Amino acid sequence: MDDRCSLDKPELLWRGRDPIPSSRRVAEERPIALTYNGSTYAVMMASPVDLVDFGIGFSLSEGIVAGQDDILGIEVVELELGWEVRTWLEDEDAGRLAKRRRAMVGPVGCGLCGIESLEQACAQPPRISMWVGFRPFDILTAMRSLRSLQPHHQATGAMHAAAFWDGGGIRLVREDVGRHNALDKLAGAVARAGLETTQGAVLMTSRVSVELVQKTARIGTPLLVAVSAPTSLAIETAERAGVTLVAVARDDGYEIFSHASRLMFEQRERVSAPM
């Protein structure tokens, strides 16, 4: 586990009797500046780990670049007050980016800070039209297996996780104090690994807001599965984007909010007892 994700902050623990020293580790949160060709585009509060993945994934999910090959170079620099993820683009791409630049501090719970119009907030991602079938029990097994693949959350109790599941198993997991950041990091990791996304799923340990659906569609993944419930706009966006949205995932099942035809239910299939 990368120690940059958590810090020892021993204080006191009280459970109704005498207080005792606490050994809790807490999630580290730092300002991360995302710059392009030397100009700051965004400042996000995030966990200072997997920052190359973060830079690439943010560039892809924000539509700053069409593909990883559009990035000429990327470097991560630690500064006194935080970190900079410095990304370099072709002059033409940088010029286009300058027209939509937004310099802001983004709280970890917000994925749309700095957006200047309703049209930008409700931007429609590419529609996923291909049909891919998923077995309902396989999805349940994947969500169960994600629990043991979150070392930073296990240490701190304060981290979100985003995972890529290809139908056979979870291939990549990224964690962050912000759910949007975790998904951006996953998008970057998937791109760097060259994984085929059109047959798999994004798994999230959070609620589902509209930005998570938009990012999932831009990754090209037809299925998004989450532990908590979606918002109304997330459901509407998933319908339009062709994303199958599964949420409120528990040990005994889940709810399907859009494009349920991708789940291959069989008459005799039953959900087994929790592992």
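This briefing describes the fold, the packing and the confidence of one protein model.

The model is predicted: local features need pLDDT of at least 70, side-chain atom pairs count only at pLDDT 80 or more, and totals for chains, interfaces and linings use all residues. Residues are numbered from 1 along each chain as its sequence is written, and side-chain values use heavy atoms, with hydrogens and water left out. The protein has eight helices and 15 strands; helices (H or I, at least four residues) and strands (E, at least two) are DSSP runs, numbered from the N terminus. Of its 275 residues, 49% count as buried, where buried means under 20% relative accessible area, exposed over 50%, and partly exposed in between (1.4 Å probe, protein chains only).

**Confidence and contacts**

- The mean pLDDT of the protein is 86, and 83% of its residues reach 70 or more; pLDDT is the predictor's confidence in each residue, from 0 to 100.
- Over residues 112–118 the pLDDT is below 50, and this stretch has 11 contacts in the model beyond near neighbours in sequence.
- Residues 270–275 also have pLDDT under 50, with 12 contacts beyond four places in sequence.
- A contact means heavy atoms within 4.5 Å. Among contacts with a separation of 6 or more, 52% are between residues 24 or more positions apart.

**The six-stranded sheet**

- An open sheet of six strands has the order β11-β10-β12-β13-β14-β15 and mixed pairing; two strands pair if DSSP finds at least two bridges between them.
- Its edge strands are β11 and β15, each of which pairs on one side only.
- From one strand to the next, the twist averages 20 degrees.
- Helix α6 (residues 179–193) packs on this sheet and touches β10, β11 and β12, with its direction at about 140 degrees to that of β11. Axes are lines fitted to C-alpha atoms, for helices over the stretch in contact, and angles run from 0 to 180 degrees between N-to-C directions.

**Strand β10 and its partners**

- Five of the six residues of β10 are buried, which leaves this strand mostly covered.
- Six bridges join β10 to β11 in the antiparallel sense, while β10 and β12 pair antiparallel over four bridges.
- Ala 163 has Val 173 as its bridge partner in β11 and Leu 203 as its bridge partner in β12.
- Trp 165 has Ala 201 as its bridge partner in β12.
- β10 and β11 form a hairpin with four residues between them, and Gly 167 in the turn takes a positive phi of about 95 degrees.

- Gly 200 lies in the loop between α6 and β12 and is buried, with a relative accessible area of 0%.
- Gly 200 and Trp 165 are 35 residues apart in sequence and 5.5 Å apart in space, C-alpha to C-alpha.
- Leaving aside neighbours within four places in sequence, Gly 200 is in contact with Phe 134, Phe 164, Trp 165, Asp 166, Thr 221, Pro 222 and Leu 223.

- Helix α1 (residues 51–61) has 10 of its 11 residues buried, so it is largely enclosed by the rest of the structure.
- Among the buried residues of α1 are Leu 51, Phe 54, Ile 56, Phe 58 and Leu 60, together with Asp 53.
- The axes of α1 and α6 come within 6 Å and cross at roughly 95 degrees.
- Just after α1, Gly 63 takes a positive phi of about 75 degrees.

- In helix α4 (residues 136–146), Pro 136, Ile 139, Leu 140, Ala 142, Met 143, Arg 144 and Leu 146 are buried.
- The cover over these buried residues includes β10, β11, β12, β13, β14 and β15.
- Strands β7 (residues 71–78) and β8 (residues 83–89) run antiparallel and are joined by seven bridges.
- The hairpin from β7 to β8 passes through four residues, and Ile 71 has Leu 89 as its bridge partner in β8.
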